[in-house]
Each structure stands twice: as C-alpha cells, then as structure tokens.
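Biologist: Could you put the model up so that we can go through a few parts of it together?
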Amino acid sequence: MQTRAVHILNEPMPGGSQPLSVPIVQSSAFAFDSADALADAMAGPDGPYVYSRRGNPTVRALERTLAALEGGAAAIAFASGMGAISGVLLSLLRPGDHVVAQRCLYGGTYAVLSDLAARYGVEVEYVRGDDPAGFERLVRPTTRVLHIETIANPTGQVPDLPGLLSAARRHGVVSVVDNSLASPVLCRPVEHGADVVVHSTTKYLAGHSDVLGGVAVFADVELRDRVWPRTVELGACADPFAAWLTLRGLPSLPLRMRQHCAGAQLLAGRLAEHEQVTAVHWPWLPGHPSYDLARKVLSGGGGMVSFELAGGRAAGRAFIERVRLARLALSLGGVETLVAHPASTSHRELDEEALAAAGIGAGTVRMSVGIEHPDDLWRDIEQALAGLFGPVVEGGEGLESGKPGAQGGGGGGDPGRRDRAERGRQRCAGLCVHRSSRWLDRSCRPGGPRAAGTAPRHHRVGRPLCRASLHGCAFTPIRVYAKDVGRVSDACAESATLTWPGSIAVPHR
C-alpha cells in the first residue's frame with residue numbers, strides 16, 4: 001500500500017517522458033477534428049475526453065489510482081463525499097425500493113435516506129452492524145441496497161463486513177460501504193465482497209483540509225457503467241484542481257494514517273482512565289463493543305476518538321471551546337486535530353430517539369486526531385478537562401452541582417470578592433486572545449493563590465478579568481490593554497507577583 005500510494009496511475013504522454021506530478025488539465029471542453037469521432041466519444045466513460053463533466057484527464061488519474069488502492073475495477077470521482085453517496089443511491093434506487101442501512105450512520109447519509117423515504121417512497125430500515133442474520137430477516141423482493149460504514153461516525157462501531165456483505169451477495173442486494181474513516185490503508189471492503197466503496201476524499205485521502213471531493217469505487221465495470229450516466233446528469237463531478245489536490249495528498253496517506261492511529265491509541269487509552277470521562281469510543285480499545293470485529297477487519301484503529309463527558313451536553317460544548325491546540329471545526333481526517341460536538345453539528349439531523357439508537361450521547365465529543373505529537377495533544381486535553389472539572393476549592397462547588405467549570409470563587413468569607421470572581425468567570429469563560437494576537441499569561445507566586453499549581457489561563461486584554469473562579473485565587477479584577485503589554489494597571493488585592501512572558505506560540509480559535 002505504501003508503494004502503490006506513491007505511484008499515481010497517470011495516462012502516458014507522447015515523446016518518451018512522463019511528468020512526475022499529474023498535470024492539471026483545467027479545460028471544460030475538448031476539440032475534435034472529426035464529427036464522427038466526437039459522436040463516438042459520447043458513448044461512455046472510458047473514451048476520449050469531450051466535456052469535463054463527463055471526464056477529464058486529471059480526474060481520471062484520480063479515479064484510476066483510487067480504484068487500484070481499493071482493489072476495485074473502476075471509479076467515479078465526485079465534487080464531495082455527499083455527492084458520491086447521493087449519486088450512487090439515486091442511481092440505484094427507484095420509488096418503492098427498499099434499503100437496509102446500518103443503524104450507526106453519518107448524519108448526512110441519514111438525512112439523504114430520510115429524504116428518499118419522504119419524497120420518493122423509498123422504504124428504509126435499519127439494522128445493527130454486527131447482525132447479518134438481522135439483515136437477512138429484513139430482506140424482501142424489493143430490497144436493492146445495503147448501506148454500511150467501515151467505522152461508524154462518531155461511535156467507532158465496526159460492522160461485520162464479511163457476514164453482511166456475504167449475505168447481501170446471496171440475496172442479490174448491492175452493497176455500498178462508506179470507507180471514509182478507515183481509508184484503504186486500514187480496510188479494503190472490496191476484498192470482503194463489497195460492490196461499491198464510497199469515500200469523502202476531503203478526509204484522509206486528501207488529508208490537508210484544503211479540498212472537497214468524493215469517490216465511488218466499483219468492484220466491477222458493469223455496475224460503474226450503470227451508475228455513470230445518472231451521475232453525469234446530476235452534475236456532481238469532481239473538478240480538475242480538486243482532483244489534483246487529492247492526488248497530491250495520496251503519497252503520504254499510509255504515513256499519515258500510521259501517525260493518526262498511533263496518536264488516537266495513546267489518547268483513547270488515557271481518556272479511558274480519566275475520572276470525568278464516562279465512555280471512550282475507539283474500535284481498537286479493549287472493551288469497545290466492536291473490538292473483536294475491528295481487530296479482524298481493520299489493520300489499525302483509525303484516527304477518530306469519541307468520548308463522553310460527565311456533565312452531558314453542557315460539558316461537551318464547553319470542552320470543545322476550551323481546547324487550545326485542537327481546533328473547533330466540522331471535519332476530520334486532516335493533519336491537524338479537530339474537535340466537534342456531534343449532537344449539535346454533524347448529527348443534528350437526528351432526533352433524540354435516533355441519537356440514542358445510534359449510541360451518540362448529549363455529551364459526546366468527537367476528536368479527529370491529527371499528526372501532532374500525541375503528548376502535546378494530551379496536555380491540551382488535560383488543561384481543557386481541568387478547566388471543566390478542576391479541584392473544588394473552599395467556598396465553591398464543582399461539577400457535582402451540574403455546572404461544568406463552576407469552581408470556587410475563593411476569597412474566604414468575602415461575599416463581594418466571590419461575586420466579583422463569578423462575574424469575572426462569566427465574562428471570561430476560559431480562554432481568550434486579545435486583539436494584538438499576542439498571548440499573555442498570568443502566573444502567581446507560590447502563596448498568592450489559594451489553589452497552587454493550577455495551570456495558568458490566558459485572557460483577552462482590554463477587559464476586566466479575574467481568575468479567582470478558575471483556580472481559587474483571591475484576586476480582584478485587573479485591566480490590561482494591548483499598548484500596556486508588560487505593565488499591569490490596577491493593583492492585585494493580594495501580594496502575588498504578576499508576570500507577562502512574551503507570547504505562547506499556540507494559536508487560539
């Protein structure tokens with residue numbers, strides 16, 4: 001795989017030489033000398049290029065390469081992963097047809113199936129991914145498609161690919177497998193009997209958060225030829241530059257996946273031991289419901305780790321705003337670590353019942369682990385969790401009160417000081433950066449704060465702030481402006497020393 005990913009299947013060029021990088025053929029149409037030749041070229045997907053919606057040299061290089069990596073016979077590239085899923089389903093289904101899908105599905109796929117049911121009369125039923133017998137009980141004469149995912153987003157559940165795909169083939173049902181979260185490095189569903197493998201190439205295949213794309217890989221050319229005319233009509237085709245960006249990312253795919261998996265393994269193990277984490281979803285983690293299946297069908301646990309926080313929805317949403325190194329963004333599979341709250345973003349299409357059925361809790365956090373050093377990522381997670389579930393100080397209350405981050409106000413028996421601390425906490429809400437984009441850190445001399453050793457916080461300049469509620473200090477609010485970096489106006493109520501290091505080279509969202 002590592003070697004195949006490097007050697008892109010580009011078309012040969014005349015003259016005896018070949019470019020090392022696939023050329024970007026940024027042309028919408030192609031000219032012919034013969035009217036008959038142009039007419040003949042319209043016949044199918046593998047002939048001469050006519051119009052880039054029907055085929056393009058750069059796009060075809062991507063299709064051929066991805067088909068080879070997945071072990072398929074042919075492929076169709078799309079403008080996005082949802083374009084690939086929608087294009088395949090709309091090509092294979094008619095009103096009155098029946099679909100069986102894995103219960104744990106990406107929210108966008110769930111929305112497409114729900115729309116097909118509501119608008120076109122396609123019947124959709126859901127089954128557990130580890131229950132081939134349950135699938136066979138649902139099969140009827142009108143069953144046309146089985147849709148599953150190699151690694152479910154975000155629960156990490158892995159289906160019984162050999163069992164389900166074998167059952168689908170016995171009943172003449174076309175199997176569609178979304179392999180976006182595993183990539184062909186960890187799993188090649190065609191080898192287990194899949195008819196169609198779809199990807200959001202935006203994710204691990206391209207891997208750099210700079211392109212939208214999708215692909216459908218087919219186990220046989222005949223099925224590709226059946227789907228291709230419908231996809232041309234839909235117009236959800238890949239553009240040459242997006243295809244080139246994806247091709248550029250492919251050679252490093254095996255190396256990136258190795259680092260994604262290694263980082264996810266370390267973080268999953270440490271999260272599982274954290275007292276404020278109630279569940280961790282990573283398929284290669286012992287104790288995960290899919291652990292045995294995942295060890296059979298995957299060559300690695302993948303780069304996505306999801307976990308449940310004590311404190312529910314409020315804790316989940318607060319955590320993703322407190323991380324510093326990880327970025328709050330709605331995607332996955334890139335070189336940088338991203339966090340999201342599935343219940344309010346990627347799976348917002350699901351109601352509470354559907355969320356529960358899919359195993360997604362209100363406090364679930366999804367983390368797409370990048371290729372940063374995992375120890376740096378763990379320190380980021382630790383500081384974010386400490387901000388939510390830090391030690392309870394005298395005069396305060398912790399998470400047991402149901403208020404993530406509501407730690408003590410400090411100040412002993414001074415109600416006014418506790419009130420100021422609480423107002424400071426509400427204004428500050430944790431991590432900020434001021435308008436000059438330089439970070440400021442306030443550290444306290446031992447003996448100043450009441451809770452020594454707490455990790456420092458970073459706040460926005462130009463607003464009165466107080467750390468009392470964050471670590472138990474008895475500070476009154478201070479005010480610092482960008483022009484006053486290195487100087488503090490308003491004296492601290494205690495004798496603690498305030499220091500201002502130059503900057504911290506960690507970007508803040």
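Biologist: Which helix does L234 lie in?
Modeller: In this predicted model, L234 lies in helix α9, which covers residues 221-234.
Biologist: And is L234 buried, partly exposed or exposed?
Modeller: L234 counts as partly exposed, because its relative accessibility is 45%, and together with L90 and Y120 it forms a nonpolar patch on the surface, the three having about 270 Å² of accessible area together.
Biologist: Changing topic to strand β7, how many of its residues are buried?
Modeller: Five of the five residues in β7, which spans residues 214-218, are buried, and the strand is mostly covered.
Biologist: Which way do they point?
Modeller: G214, A216 and F218 point one way from β7, whereas V215 and V217 point the other way. In a regular strand, side chains alternate between the two faces of the sheet.
Biologist: Which strands pair with β7, and in what sense?
Modeller: Strand β1, residues 74-78, pairs with β7 in the antiparallel sense over five bridges, with F218 of β7 as the bridge partner of A74. Strand β6, residues 196-200, also pairs with β7 in the antiparallel sense over five bridges, and there V197 has V217 of β7 as its bridge partner.
Biologist: What about the largest nonpolar core, which residues have the most contacts inside it?
Modeller: That core has 76 residues, and those with the most contacts inside it are L298, V305, F307, L309 and F319. Apart from it lies another core, of 26 residues, including V112, V122, V145 and V196.
Biologist: And what is F307 in contact with, leaving aside its neighbours within four places in sequence?
Modeller: Its contacts, on that basis, include L271, V277, H281, F319, T364 and M367.

Note on methods:
Residues numbered from 1 in each chain as written. Predicted model: local features only at pLDDT ≥ 70, side-chain atom pairs only at ≥ 80, totals over all residues. Heavy atoms only, no water. Patch = residues over 30% accessible without salt bridge, like charges linked within 9 Å, V, L, I, M, F, W, Y side chains within 5 Å. Areas by Shrake-Rupley, 256 points an atom, 1.4 Å probe, with all protein chains shown as cover. Salt bridge = Lys/Arg side-chain N within 4 Å of Asp/Glu carboxyl O. Helix = DSSP H or I, 4+ residues; strand = E, 2+ residues; numbered from the N terminus. Buried < 20%, exposed > 50% of the residue type's maximum accessible area, 1.4 Å probe, protein only. Pairing = 2+ DSSP bridges. Core = buried A, V, L, I, M, F, W, Y, C linked by side-chain atoms within 4.5 Å. Contact = heavy atoms within 4.5 Å.
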